[in-house]
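We will go from the whole chain to single residues, one selection at a time.

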Amino acid sequence: MFDKLQVIEERYDKLTKLISDPVVQADQQEYRAHTKALSEIQPIIEHFRLYKEVADEAAQAKELVDETNDDDELKELAQQELIQLEERREMLLQEIKVLLIPKDPNDEKNVVLEIRAGTGGDEAGLFAADLFRMYARYAETLGWRVEVLSSNETGVGAIKEVVVLIEGKRVYSQLKYESGVHRVQRVPATEGSGRIHTSTATVAVLPEAEEVDIHIEDKDLRIDTFCSSGPGGQSVNTTYSAVRITHIPTGLVVSQQDEKSQIKNKAKAMKVLRSRLYEIELQRQQEEIASDRKGQVGTGERSEKIRTYNFPQSRITDHRIGFTTHQLPSVLAGELNELINTVVTHFQSEKLKDEETAALS
């Protein structure tokens with residue numbers, strides 16, 4: 001590992017010199033490429049250099065402990081300092097190991113977030129609406145931009161499905177583990193006997209795909225236009241502005257009618273289609289991801305769940321990592337930092353274990 005860190009440090013020094021070269025600065029494309037590469041390894045180098053400083057201080061403290069025989073007070077102080085420095089060194093070492101985990105190439109991407117009501121009728125739709133507001137408020141606290149690409153609402157304030165684009169810094173890295181079935185346990189407003197109902201909603205987090213990520217042939221698309229309609233089937237407009245795009249090779253269908261412009265609806269539908277096709281390609285390439293889209297969100301049945309939101313106990317439990325918090329109102333209000341950070345840290349640790357196992361084998 002330290003040989004690898006040494007190589008990275010040499011590359012860091014080389015890149016630092018390159019971006020200071022007037023010739024490189026004159027070529028904006030090359031300059032941006034070097035600065036991006038530099039920013040990617042800078043956290044590793046900062047930790048590595050700090051680690052070396054702490055290791056040197058620990059070595060000096062140990063030497064002082066070994067050499068001090070006639071001054072008990074000084075020896076005790078040196079031993080205390082040595083313990084603190086060794087703890088700091090070990091912590092930095094673990095942080096470096098995490099930083100060395102191969103980066104997910106999609107971590108920097110924006111995401112297409114899809115939320116759908118699962119089992120539970122109107123209550124499932126109301127819960128889907130709660131999840132949408134939760135993620136939207138969380139995005140707002142981080143300065144991310146949320147754009148609704150399509151939505152299908154019911155007359156009771158529920159959501160049958162909603163698809164949104166979330167743009168910002170490292171959005172996918174924070175939200176990628178939110179995919180799956182979310183279960184709610186609460187007494188619906190329509191329940192007169194006070195009986196607790198269990199309902200579900202499915203969440204899919206797709207990395208936004210650019211045209212360079214996934215190429216779509218025009219011959220593979222069937223595009224239909226139709227009049228937009230709202231809840232109950234009433235006419236929203238009399239022009240054929242709504243768009244339905246079918247990707248013939250995969251059978252994927254995306255509809256968009258939120259905009260009055262057919263061109264805008266087509267652009268939004270293509271954005272969703274491209275991200276769904278990109279996800280399928282990722283699933284094909286990565287054995288640990290399910291072979292089709294259902295593997296991410298499940299079927300919506302109550303037994304398939306990654307997280308439970310229990311209202312009577314104000315409790316949220318993430319079943320994948322065994323984490324529980326009793327801050328349900330705060331989480332639904334968008335305060336997701338603790339929950340998401342705990343999940344991300346868990347899966348980073350799992351990746352680290354896999355890396356260490358692979359290195360030993």
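Here is a short tour, with something to select at each stop.

**Before you start**

This is a predicted model, in which local features need pLDDT of at least 70 and side-chain atom pairs count only at pLDDT 80 or more, while totals for chains, interfaces and linings use all residues. Residues are numbered from 1 along each chain as its sequence is written, and side-chain values use heavy atoms, with hydrogens and water left out.

**The whole protein**

Colour by secondary structure, and you are looking at 10 helices and 11 strands. These are DSSP runs numbered from the N terminus: helices are H or I with at least four residues, and strands are E with at least two. Now show the surface. The accessible surface comes to about 20200 Å², with 49% of it belonging to carbon and sulfur atoms; such areas come from the Shrake-Rupley method with a 1.4 Å probe, and for residues only the protein chains shown count as cover.

Of the 361 residues, 40% count as buried. Buried means under 20% relative accessible area, exposed means over 50%, and partly exposed is in between (1.4 Å probe, protein chains only). Contacts come next, meaning heavy atoms within 4.5 Å. Among contacts between residues at least 6 apart in sequence, 62% join residues at least 24 apart.

**A pair of helices**

Select residues 2-18, helix α1, and residues 28-67, helix α3. Two packed helices are described by the angle between their axes and the distance between the axes. Here the angle is about 130 degrees and the axes are 9 Å apart. Axes are lines fitted to C-alpha atoms, for helices over the stretch in contact, and angles run from 0 to 180 degrees between N-to-C directions. The helices α1 and α3 are therefore oblique to each other; under 35 degrees counts as roughly parallel, over 145 as roughly antiparallel, 65 to 115 as roughly perpendicular, and the rest as oblique.

Which residues of α1 and α3 meet? Among those on the α1 side are F2, L5, I8 and Y12, and the α3 side includes L38, I41, I45 and F48. The residues of this contact divide into 13 nonpolar, four polar and five charged. In this count Ala, Val, Leu, Ile, Met, Phe, Trp, Tyr, Cys and Pro are nonpolar, Asp, Glu, Lys and Arg are charged, and the others, Gly among them, are polar.

**Two residues on these helices**

Pick T16 in helix α1. T16 is partly exposed, at 32% relative accessibility.

Move on to P43 in helix α3, which is partly exposed with a relative accessible area of 31%. From P43 to I96 is 53 residues in sequence and 8.8 Å in space, C-alpha to C-alpha.

**A lysine to zoom in on**

Now select K268 in helix α7, residues 262-285. Is K268 buried or exposed? K268 is buried, with a relative accessible area of 9%. Leaving aside residues up to four places away in sequence, K268 touches E147, V148, L149, Q256 and E259.

**Two loop stops**

Go to R170, in the loop between β3 (159-167) and α6 (171-175). R170 is not a glycine, although it has a positive phi of about 50 degrees. At 29% relative accessibility, R170 is partly exposed.

End at S314, in the loop between β9 (307-310) and β10 (315-318). S314 also has a positive phi of about 50 degrees without being a glycine, and it is partly exposed at 23%.
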